[in-house]
Amino acid sequence: MWFFTLRDLQWRRRRFIIAIVAAGLAFALSLIMSGTLHNLRQEGVRTVNLYEADAWVVADGVTGPFTAASYLDGDTVDTVRQLPGVHDASPLLIGRSVSKKDDINVVGYERGSFTQPLRVTSGTPPTERGVATVDDTLGLKVGDTVTFGGKSFPVGAVTTKTSFYFGMPTVFLPIEDVRDALTAGEPVVTTVVVRGPLAASSVPSGLSLMTNGDVREDLDRVLIDTAQTLGIINTLLWIMAAGIIAALVYITVLERTRELAVYKATGSSNGSLVRGLLLQASVLALFAAVIAAGIALALTPTFPFAVEIPTAAYIQLLSVALIVGGIASLAGLRRIVRIDPALAFGGA
């Protein structure tokens, strides 16, 4: 029965190829959705890990340093540095702006401190004011100019994987330059990044202490609706793929009714026929999954936003493909069980 099932796949290969490609496209879109969501979630992890901090001091009532626009007085930095348990502290001034119609994150750091980004893919981390480090998603290279807030800055270094807030590219500058561009020179900061075992009870009134987990959770908070939407779309794409395979399997069973009746008349059981049908649907689904992986890898570089497909997504796709194959085979199960062996001899 296994041999006849595989021969049937070969005999109807054009129809099966069309079904494999159609289901593969649905699976590929599902992979891309998973890669998009994974990248967005990883943004929060990478952004927090960039500073290797132990805690974050923000204004009281602020949900997080990267999502809320609330300022602290510049003197807060000296206050935090004097708190018990603080080994090192450095300010960040975080804002958003527009550069040549591109929305950007702007992060002001203290020169020579641990908050200055040093992991660059090209150029040299700037040591003087007025020189920017930019994320590669902005499309600029060393020697180009980035302009925002009415001011222009030469690009001295390019870094990677520092975008956050829905893939928005990040521009890093000394905090004095960001103050000039975004706060009219006011000596304010958004957060004070702390290294050391600072206790929440030691933080003065008007300030709050956030852990790395708190900051990541706040960054993920803005993705909740997006994650739910992508999850629903993924489910619909899986159902679409299952529907394509199920329709083909059912039509095949209808066309092979007399042939299946012959198998029954010669001693084949319903179970063996159903297993053959399951094999056929599973082969279709697995080939669709392989095609999907290739399509997703080919399309990923063409998307305007970062798509980072994890290995777990490919494993999940194979599992879903097998489940889809099993579900699709049910489409012809009832039909097979009801086939009368008398049809093999021209009976009703």
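Aromatic pairs first: I count rings of Phe, Tyr and Trp (its six-membered ring) as paired if their centres lie within 6.5 Å, and I call planes under 30 degrees apart stacked, over 60 edge-to-face and the rest tilted. This is a predicted model, where local features need pLDDT of at least 70 and side-chain atom pairs count only at pLDDT 80 or more, while totals for chains, interfaces and linings use all residues. Residues are numbered from 1 along each chain as its sequence is written, and side-chain values use heavy atoms, with hydrogens and water left out.

**Entry: aromatic pairs**

I found 6 aromatic pairs in the structure. I looked up Trp56 and Phe66, which pair edge-to-face at 5.5 Å centre to centre, with 65° between the planes. Trp56 sits in strand S1 (residues 55–59) and Phe66 in the loop between S1 and strand S2 (72–73), so this pair ties together parts 10 residues apart in sequence. For my labels, helices (H or I, at least four residues) and strands (E, at least two) are DSSP runs, numbered from the N terminus.

**Entry: pockets**

Grid points are joined across faces, edges and corners, and a volume is the space filled by probe spheres set on the points.

The largest pocket has a volume of about 280 Å³. It has 17 lining residues, and Asn39, Thr137, Ser163, Phe305 and Ala306 are the closest to its centre. H2 brings the largest share of that lining, 3 residues.

The second largest pocket comes to about 190 Å³. Among its 15 lining residues, Arg46, Leu50, Arg119, Lys161 and Thr162 are the closest to the centre. H2 gives the most here too, with 4 residues, and H2 and strand S9 (170–174) each supply at least two.

**Entry: cavities**

I also noted 3 cavities of 30 Å³ or more. The second largest cavity has a volume of about 60 Å³. Its lining includes Leu40, Glu43, Phe164, Tyr165 and Asp220. Which helix gives the most to this lining? H2 does, with 3 residues, and helix H5 (212–221) supplies at least two.

Definitions and conventions: On a 1 Å grid over the protein atoms alone, a cavity is a set of points where a 1.4 Å probe fits but cannot get out, and a pocket is an open set with protein on both sides within 12 Å along at least five of seven lines; lining residues have an atom within 4 Å of a point.
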